[in-house]
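Q: Could you walk me through reading a structure like this one, feature by feature?

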Amino acid sequence: MLVTHLTPLASSFFSLLAIASLVLSFVMLGSQWLRDYMYAFGLQSWLIAVLSALMAFYGGYPELYLIALFTALFRGLVLPYLVLRILRRMQVSRELHLVVQRSSSLVVGSLCVMFSLVIAYRIAGAVGLTQNVVVLALTVMLSMKLIGFLMLAVRHEAISHILGLLLLENGIFLGSQILIPGMPLLIELVILFDLLVAVVCFGVLVRYLLAHAGTTSSRDLKRLVG
Amino acid sequence: MTARDVLAQIAQVLAVLLLSPLIQGFILKFEECVQRAQGPSLVQPYRDLWKLFHKQLVVPETASWIFWSAPVAAFTAMMTVPLLIPVLTDYPLPLSNMGDILGGGLILTLGTFFVNLAALDSGSAYGGIGSSRTVMVSILAEPTLILVFVAITLMAKAMLPFVVNHLLVADAAVYWSPTHLFLVLAFFILLLVETDRLPIHSSTHIEVYMIEEARILEYSGPLLGVLKWASMMKQFILYTIFCNVLVLPWGLSREGTAVGIAAAAITVVLKFFLVACLVIVVETAQSRLRFYRYQEPLAAAFLLAVLAVVANQIR
């Protein structure tokens with residue numbers, strides 16, 4: 001396994017990128033404007049692309065360079081562009097009605113991180129890998145997933161839901177890149193294109209919602225219509 | 001202690017004294033250039049100082065001895081700090097063992113403290129506003145500064161800036177560790193706050209926005225010149241700590257030869273221009289925050305400093 005024998009320089013690169021991604025997911029959790037939210041997602045995807053490229057360099061997996069390129073291209077450019085297009089079509093630029101205030105959601109997010117740290121220690125102990133990078137990667141992966149779920153749960157706007165889903169996906173991708181970098185190329189490609197399909201579907205859904213319900217907020221979609 | 005070391009130490013102080021208006025001029029000029037205006041000349045701060053030193057001195061009737069001594073104290077404090085930090089050489093020079101990072105921070109704050117006293121001294125309303133706002137900002141900024149120093153100490157296991165510099169040059173793993181980069185980000189926010197830049201300080205001198213300007217409103221002529229020069233030197237010193245200790249620890253003189261010192265001076269100016277470009281980007285992109293949102297950037301800096309400490313512990 002690659003992570004068990006990394007040079008100090010490589011492990012500091014990996015922990016830097018993992019922690020920076022986690023910080024960016026907190027930026028997403030605390031941001032008020034949907035546009036900032038999306039820029040944070042784009043930046044996070046670029047960080048993950050850099051991480052893949054570094055993994056390719058240190059682990060000697062040439063196919064990961066391709067993955068890094070695709071990640072930067074699709075997650076870093078195409079997905080944000082598509083979401084920006086959807087954003088431009090919608091009339092909302094921020095979350096108006098919050099279930100949980102932004103500051104409280106940051107606190108809940110930090111509780112999620114603590115919870116995932118405990119879980120990560122358990123998992124790493126059970127597998128027998130106690131390197132800091134492994135624990136860190138597991139923590140970041142689990143907490144990004146939990147934060148993604150949190151955003152799906154506490155936000156109303158359809159666009160926040162898309163970005164929450166994408167964040168969740170980013171967390172899984174980041175963890176898999178660090179922990180099992182030798183995944184088959186095909187699976188990684190499938191994950192990438194899956195996301196593209198998801199965003200396109202959401203685009204269609206948003207258009208449908210705007211045309212038929214006049215709103216994209218799940219708050220206004222409580223009433224059943226026949 | 002050799003004669004060469006003493007001369008190098010004098011060169012460090014002179015570099016801070018003579019190059020600090022150049023950095024200010026660079027920022028002022030290129031800020032205008034970004035907005036597609038022409039901007040003042042690079043040497044305009046030197047001309048301003050020259051003009052101020054040839055003007056008559058007007059002193060309020062209510063002023064006491066504090067009014068006279070504060071500019072001198074601030075100026076002296078700013079000339080003392082370069083003795084303690086690596087401005088041109090990467091090894092300690094004579095008298096640099098007077099204080100560590102915390103000592104340097106103390107002397108920097110001492111200058112600010114005296115200017116605050118002087119602002120209150122003449123009893124004008126603006127001075128009161130200015131000093132109360134400055135104290136408010138420093139109450140928010142000081143804990144972060146101390147925490148950044150603590151994190152630097154934990155990272156390098158020493159409180160001397162020279163040790164940090166050597167560690168970062170020698171060990172790329174430490175340079176790219178999350179601890180170091182969080183520290184850099186936290187210190188950058190502090191740098192913006194302490195050198196009177198946006199998002200807290202305003203570049204236009206309207207009464208409701210004034211913080212730094214309100215404190216020195218009563219001064220004129222040479223004393224105003226001394227105060228302005230002291231604040232430019234403070235900016236230069238903070239840039240020095242940011243570049244030579246944290247971000248760009250390379251390019252300092254190792255031997256202390258005349259050529260090395262001159263080359264180090266040029267490198268320092270180039271490095272500072274790089275940082276100034278970043279500052280210009282922030283100043284252009286960011287608008288001024290209102291008073292009750294001052295804590296937001298500083299809270300972010302505090303969070304980053306805490307993260308740096310945590311990341312250092314789990315390394």
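**Reading the fold and the contacts**

A: Chain A has seven helices and zero strands, where helices (H or I, at least four residues) and strands (E, at least two) are DSSP runs numbered from the N terminus. Keep in mind that this is a predicted model, where local features need pLDDT of at least 70, side-chain atom pairs count only at pLDDT 80 or more, and totals for chains, interfaces and linings use all residues. Residues are numbered from 1 along each chain as its sequence is written, with chains lettered from A and ligands numbered from 1 in the order in which they are written.

Q: How many residues of each chain are in contact between A and B?

A: A contact means C-beta atoms, placed from the backbone, within 7 Å. Here eight residues of chain A meet nine of chain B. Helix α1 (residues 8-30) gives the most to chain A's side, with seven residues.

Q: Which residues have the most contacts inside the largest nonpolar core?

A: Such a core is a set of buried Ala, Val, Leu, Ile, Met, Phe, Trp, Tyr and Cys residues joined through C-beta atoms within 7 Å; buried means 20 or more other C-beta atoms within 10 Å of a residue's own. This one has 140 residues, with A:Ala18, B:Ala186 and B:Leu190 making the most contacts inside it. Helix α10 (residues 221-247) of chain B supplies the largest share, 16 residues.

Note on methods. Two residues are in contact if their C-beta atoms, placed from the backbone, lie within 7 Å. A residue is buried if 20 or more other C-beta atoms lie within 10 Å of its own, exposed if 12 or fewer, and partly exposed in between; C-beta atoms are placed from the backbone.
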